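Please examine the sequence and the three-dimensional structure shown here. A short report accompanies them.

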Amino acid sequence: MARRDRVGEDILVNCPNCSGPAIARVEAAMVHEDSQQLPALYELSRCTKCGAPLLAWEEDIGSDWDGEPMVVWPTKREQRALSPKIPHQLRQAHEEARKCFSVKAYTAAVVMVRRTLEGVCKDQNVQQGGRAPLFQMLKSLKSAGKIDGRLFEWAQALRVLGNEGAHFTEAEVTREDASDSIDLAEALLDYLYVLSAQFDEFKARRGGAQREETVEASDGAVKEESGA
């Protein structure tokens with residue numbers, strides 16, 4: 001049976017204290033299993049470079065832990081943990097954008113954000129046969145009512161920035177460009193996979209409550225008419 005933890009092993013992480021890639025030694029680990037999500041391994045570790053403690057997280061994607069631990073504590077603004085409700089491959093792509101940003105590879109970061117956008121469109125099944133351009137896929141996403149006009153405008157701006165980064169030009173991708181790109185992509189992911197689902201649950205719950213109120217009101221009216 002394969003070992004289910006990494007206690008005593010070294011893992012590669014982006015240390016928030018070092019502000020870059022570092023090796024951390026796993027001191028303790030805990031497996032969390034949930035029927036609604038992939039199994040997760042939480043690793044309490046210590047950075048071997050600066051000595052700072054950190055908590056890393058990996059997923060079991062079918063064969064073993066994915067080997068790409070993400071630091072969930074302590075977190076910096078650009079390292080906010082994405083919700084498990086967002087598909088694994090999209091979180092993985094966006095995490096790669098974050099890693100590029102953490103090592104100041106800003107051009108690579110915006111290219112990875114563009115790749116994440118393309119993954120979102122494919123996951124939302126808005127392709128119209130063959131390999132449609134990302135511009136058309138984003139338009140389809142808007143036409144299908146999955147994003148509104150403002151989110152469509154954001155996504156198009158990220159697409160253009162990603163295109164500029166993917167081609168060798170004199171245009172510079174600044175730290176601010178990359179940071180905004182990552183933040184806007186996170187907002188798009190949260191909207192599609194977290195907030196939309198939360199709102200649907202809210203509507204379903206409120207709809208049930210309103211139906212109960214309607215039934216109670218109808219029963220009360222019947223009783224008044226019958227003199228009960």
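## Basis and confidence

This is a predicted model, in which local features need pLDDT of at least 70 and side-chain atom pairs count only at pLDDT 80 or more, while totals for chains, interfaces and linings use all residues. Residues are numbered from 1 along each chain as its sequence is written, and side-chain values use heavy atoms, without hydrogens and water.

The protein has a mean pLDDT (the predictor's confidence in each residue, from 0 to 100) of 81, and 82% of its residues reach 70 or more. Confidence is highest in helix α2 (residues 106-123), at a mean of 91, and lowest in helix α5 (residues 175-226), at 75. Helices (H or I, at least four residues) and strands (E, at least two) are DSSP runs, numbered from the N terminus.

## The cavity

One cavity of 30 Å³ or more is present. On a 1 Å grid over the protein atoms alone, a cavity is a set of points where a 1.4 Å probe fits but cannot get out, and lining residues have an atom within 4 Å of a point. The largest cavity has a volume of about 170 Å³, where volume is the space filled by probe spheres set on the points.

Its lining includes Trp57, Asp66, Met70, Leu82 and His88. Helix α1 gives the most to this lining, with five residues.

## Helix α1

The 15 residues of α1 should span 21 Å at 1.5 Å a residue, and its end C-alpha atoms are 21 Å apart, which agrees; the expected span is 1.5 Å times one less than the number of residues. After α1 comes Lys104, with a positive phi near 65 degrees.

Notes: On a 1 Å grid over the protein atoms alone, a cavity is a set of points where a 1.4 Å probe fits but cannot get out, and a pocket is an open set with protein on both sides within 12 Å along at least five of seven lines; lining residues have an atom within 4 Å of a point.
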